[in-house]
Every structure is written in structure tokens, then in C-alpha cells.
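Thanks for asking me to look this one over. Here are my notes, as numbered points to read beside the model.

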Amino acid sequence: MALNVFDHDEYRPPVWKSYLYQLQQEAPHPRRLTCTCEVETRPKYYGREYHGMISREEADQSLSQAEGSYLIRESQRQPGTYTLALRFGNQTRNFRLYHDGKHFVGEKRFESIHDLVTDGLITLYIETKAAEYIAKMTINPIYEHVGYTTLNQEPTLKKLLPQSPEAPDGPVPVKEDTNAEERLTSLVRRATLRESDLAPKYEKIHNFKVHTFRGPHWCEYCANFMWGLIAQGVKCADCGLNVHKQCSKVVPNDCQPDLRHVKKVYSCDLTTLVKAHNTKRPMVVDMCIQEIEARGLQSEGLYRISGFSELIEDVKLHFDRDGEKADISSNAYEDLNIITGALKLYFRELPIPLITYDAYPHFVETGKITDTEKRLESLHEALKLLPPAHCETLRYLMGHLKRVTEYEKDNLMTSENLGIVFGPTLMRAPGLDAMMALNDIRYQRLVIETLIRNEDVLF
């Protein structure tokens, strides 16, 4: 039986727009303590809040009059570095201050010192007044009951959710509504995503980035208010999930990329792309291989001869713009080498190579094994290190290249030749110097050659 999220005995999500939001409004306001004299060493990006090189004791004495007061001083211990001195909780707090076009003391960037101090006071006040409440936010999150939701955009859900028992206002009675579950389901993003029975459910971690929200915002994991002025929390660049930074550490690895956020095909993470399009493999791989095999595998120098780079870039542009609707037929591109070039370019531009950085050393080691049986055993183990979407794509590609070798009398492309072409394309190692990379080329070739020859055994 499905969990009824409106059964108060079963589930009590945290309070909406109440406790933490009220605390933000109660936080001390910033009070700039201006310097009465002109300081010649004042950096151009600071204003009259800059007091030059004064001691901690002098700053503390100057700020002791009012909560929320602040000034900037140059460090006496490290000249050329700057400190934000801020009065909070009847004590002066000192923060190392940086500027790179924007002002910051941590991850958040601010256009002005005033905004930075405002945000800092809000954060300090909430974390002081509601430390226990914040610690409990992730214990019984709304995320576990409704999955992906657009809480900040749906007023209906706000009305349906009861308040948290920890909040000072007490619970709000919820009216009975026979259509409540049906309406709630409509808010779940996953309900709008129809998964193909053939498409595997690849696991994917969220791609969280620090984000600035416009206006009051709520975490889609715990349903609590996201406080602060800017960069209140983090947003998944692939699926759009908005959560507190602390909540991002406990969100499951169940990112379902949304095509509204994944706007390109090339240079896109492979797992992100296949989940966004709900396919087993990247559509560019399927479409290019199907086109190549449909036109015939007898073309001499297949994959070795390059097509015109301008036209290859044109194919890339069409995939990025049109996705699976891109036209790569012979009517659009008569030269088959343009399609093979577009496929190789796709693999070269993957941010994480098809044979991933983590798995790369294990594959290279297999290339150094001279005994054929032991090499196959080692390759079999190395393949287990690849993410499922990478392994499936590699399997499909090796099957295609195996079929290319069946016509080697016509196309002159043996498994060894294909290993030379695809080794550096599918395998890239980060941080290797030029000499080490050069030494690895022969092992890359041997790995790809072995994968092609033994495709039916290894996959």
C-alpha cells in the first residue's frame, strides 16, 4: 500500500514559510562603521568601511557599540591581506576577506560588502538560534515521500503540507481532500517522465553547483526555507533539483537529467545524456553507427580517412541543436567520412572518456600482459570498473568495429588499424606528462584491438 503523505501519524514534513523565514527577518541588520579620515592605502574596491592597518583590539573597541556593525582592516600580521571584522553575539568575529571581482569569505560571492555582511548576519543568526532544528531537517525529508518536486513553484503543495511539530507555531490542520494524492503526484517530476522498458535505470550522482535564487526559496529535499541573500543553496545543473548545501550530501544518487537543463549533445557527460534522453546509449552513437552500416562497411580507409572538419563541426552543431532529429543522411552529407569523423569527435569531446579516468590505469595494465588468456581475464575485470552507460556504449561500439573488420579486404581496416585510430580517442589519462602519454599509446592500441577481436567473449 502506498504511503499517504497526508496521514499525520505517518508523516510530518517541516514547516513552510514560518520558523526559518521568521528568523531571517529577525537577524541583525548591518551597520557600516565608517572611517573618519582618508586612508591612502585603501583598495579601490572598498569604501569608507576600510580603516587601514589597525589591530584586532582597536577593531573590537570600535565595533562594541552595536550588534551588526562591521569594518574592514588590513592585517598587521600579513600586510596586503584584509579582514572583515563583524560584531555578532556580543563579540567581534574576524574573517579573511577576498576579492576577485566580487567579495567573498567562503564559497558565496557578493557584489558589495553590504550584501556579504547582510548574508553573514542572517546565516550566523539562524545557525545560532536554530542549530537543533537545522540538524533535524534531513531526518524525515519530504524528498523521500514525493521524490522530485517543484515546491517553490507550486502553491497547491504548500497548502497541502502540514507544519512541523518542532516549529513554534504548532501544526496547521489539513482539510480532507479526496484528490490530494492525485494533485501531489502531478507535482512529482518523475511522474512526467515516461521511461522506456528497454532503457536501463543508470545511477547518476547530482551535479550540484552553488546557485543564487530570486526571492524566498525552499529546499526540495527537506522542504525548509533556504536562507540568505544570494547563493542560498545548490542546484543540480542536470535535473534542476534545488537543495540546501547540507542536504546535498544526503540526496540519493538518482539524478534524472531534464532536457531543459541538458542543452547539448557533444561535450556532455555520457550518463547525463542517456538519462536525459532515456536511452541505453547516446543517440549520436546509435545514429552514426546505423548510418555508417546502412551505407556499407566496405568504404576504404573507414575511420582512418578524415572528412572535412567544417562539415564535421556542422554535424556536431545539428546534434547539439536538434538531438535525435538531426539529419545525417546521404542527402545531407554525401561523404561517409564526415559521419565517422563526427562519431570520433563525439568520443574525443566527452568530459569523462568512454574508458574513464578512474578505469584507465587498469586497462593500460591489461595492455602490458602478453599472455592472451590472462589479458582477457584482466580486461573482463577492468570492464566492471566502468559506469553502466559507459560499458554499454563501449559494448555497442566494439560490436560495430568487429563488423567493420569483417570487411577488411575491402576497407583495409583491421582490428589493429582500428586500435590505432580509437585508442587515444576512447582512452585519455589525466595528468600524464607527454613522454608517459606517448609510451601508453601502444597499450591503448592493444586494449582496443583485444576488445574488438574478443567482443563476443568480453561483453
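1. Val234 stands opposite Val243 in β10. The strands β9 and β10 are joined by two bridges in the antiparallel sense; two strands count as paired if DSSP finds at least two bridges between them. Strands here are DSSP runs (E, at least two residues) and helices likewise (H or I, at least four), numbered from the N terminus. Five residues lie between the strands of this hairpin, where Gly240 takes a positive phi near 85°.

2. A word on provenance: this is a predicted model, with local features needing pLDDT of at least 70 and side-chain atom pairs counting only at pLDDT 80 or more, while totals for chains, interfaces and linings use all residues. Residues are numbered from 1 along each chain as its sequence is written, and side-chain values use heavy atoms, with hydrogens and water left out.

3. On its other pairing, β9 (residues 233–236) meets β6 over four bridges, again antiparallel. Lys209 stands opposite Lys235, and His211 has Gly233 as its bridge partner. The open sheet therefore runs β6-β9-β10, and because β6 (208–211) and β10 (242–243) each have a single partner strand, one side of each is left without a neighbour in the sheet.

4. How enclosed is helix α9 (residues 270–277)? Seven of its eight residues are buried, so the rest of the structure largely encloses it. Buried means under 20% relative accessible area, with exposed over 50% and partly exposed in between (1.4 Å probe, protein chains only). Among the buried residues are Leu270, Leu273, Val274 and, perhaps worth a look on your screen, Lys275. The cover includes α12 (336–348) and α15 (388–405).

5. At the start, a side-chain oxygen of Asp269 comes to within 3.4 Å of the backbone nitrogen of Thr271. Just after the helix, Asn278 has a positive phi of about 55°.

6. The largest nonpolar core has 64 residues, and those touching the most other members are Tyr303, Phe319, Tyr346, Phe363, Leu397, Leu426 and Ile448. Such a core is a set of buried Ala, Val, Leu, Ile, Met, Phe, Trp, Tyr and Cys residues joined through side-chain atoms within 4.5 Å. Helix α12 gives the most to this core, with eight residues. A second, separate core of 45 residues includes Tyr46, Tyr133, Met137 and Cys239.

7. Leaving out residues up to four places away in sequence, Leu397 touches Ile289, Leu343, Phe347, Leu354, Phe422 and Leu426, where contact means heavy atoms within 4.5 Å.

How values were computed. A polar contact is a pair of N or O atoms within 3.5 Å; within protein, one must be able to donate a hydrogen and the other to accept it, and residues adjacent in sequence count only if both atoms are side-chain atoms.
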